[in-house]
Amino acid sequence: MEISQELLERIAESKRVCVLTGAGISAESGVPTFRGGGHSAVWKGMPFDEISSAKMVRENLGEVWEWFDYRRGILAKCKPNPAHFALVELEKKAEDFTLVTQNVDGLHGRAGTKQIIELHGNINRSRCVKCEIRFKIESSVIPHQPEKCVKCTGELRPDVILFGEMLPGGAFEEAAENAMICDIFFVIGTSAMVYPAAGLAEIARQNHAYLVEINPEITPMTNLCDEAFAGKAGEILPLIVELF
């Protein structure tokens, strides 16, 4: 792996680091996408965008919980990989560090990263449909038996952004603020096709951050980045973090 002199200089001078991660970093831990292909059925004859939708929460919350408990059962067997742990080390080294993730699997938190903005929620949390209060779900408790909200007795649902829903209030705004002031912006394991998350790299670039992509494949973000490493994050990222 060849690292440019400019990246070395940027690393030496950087104070603020922002990282965006997507499904690719979790795939290296064996996390499946759960989406199926095209419009194929993924759960009881239903496609992903139907069972994972706001409409299903309103019409059949019990079925939604069954689907998410199935996913949680698979995720419970997955563990953070070297890329997750490299980001923990980067957080310790950087003067200011923010990790923004599109993933809901909670692997960054399990690895030990503290400053995390979870744009799409976390599969091991529930949320009241009325008052929005959140509750932690123990990852080992499967199936989870949803209880009523202790504050308003409303029903609890998975705290994950579903089709037909907006991002949680303030999450993208906080991510954008950090992208705006960072010196280096890493794009790791994301197709850069899902907005508004994909727009964070554009915000960082507009504010003169140095963009670094790590992905096994060429993406729409590759040409936008100052430096692109083709390969697995678990192999490449630890080598870069050692340089900080």
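What follows is a short exchange about the terms applied to this structure.

Guide: This is a predicted model, in which local features need pLDDT of at least 70, side-chain atom pairs count only at pLDDT 80 or more, and totals for chains, interfaces and linings use all residues. Residues are numbered from 1 along each chain as its sequence is written, and side-chain values use heavy atoms, with hydrogens and water left out.

Visitor: What makes strand 6 mostly covered?

Guide: Buried means under 20% relative accessible area, exposed over 50% and partly exposed in between, with a 1.4 Å probe and protein chains only. Seven of the eight residues of strand 6 (residues 121-128) are buried, whereas 51% of the 244 residues of the protein count as buried. Strands (E, at least two residues) and helices (H or I, at least four) are DSSP runs numbered from the N terminus.

Visitor: How do you know that strand 6 pairs with strand 8?

Guide: Two strands pair if DSSP finds at least two bridges between them; four bridges join strand 6 to strand 8 (residues 156-160), so the pairing holds, and the strands run antiparallel. Within this pair, Ser126 stands opposite Pro158.

Visitor: Which strand forms a hairpin with strand 6?

Guide: Strand 7 does, with five residues between the two strands, and Glu132 in the turn has a positive phi of about 75°. Strand 7 (residues 134-136) pairs with strand 6 in the antiparallel sense over three bridges, with Arg127 opposite Arg134.
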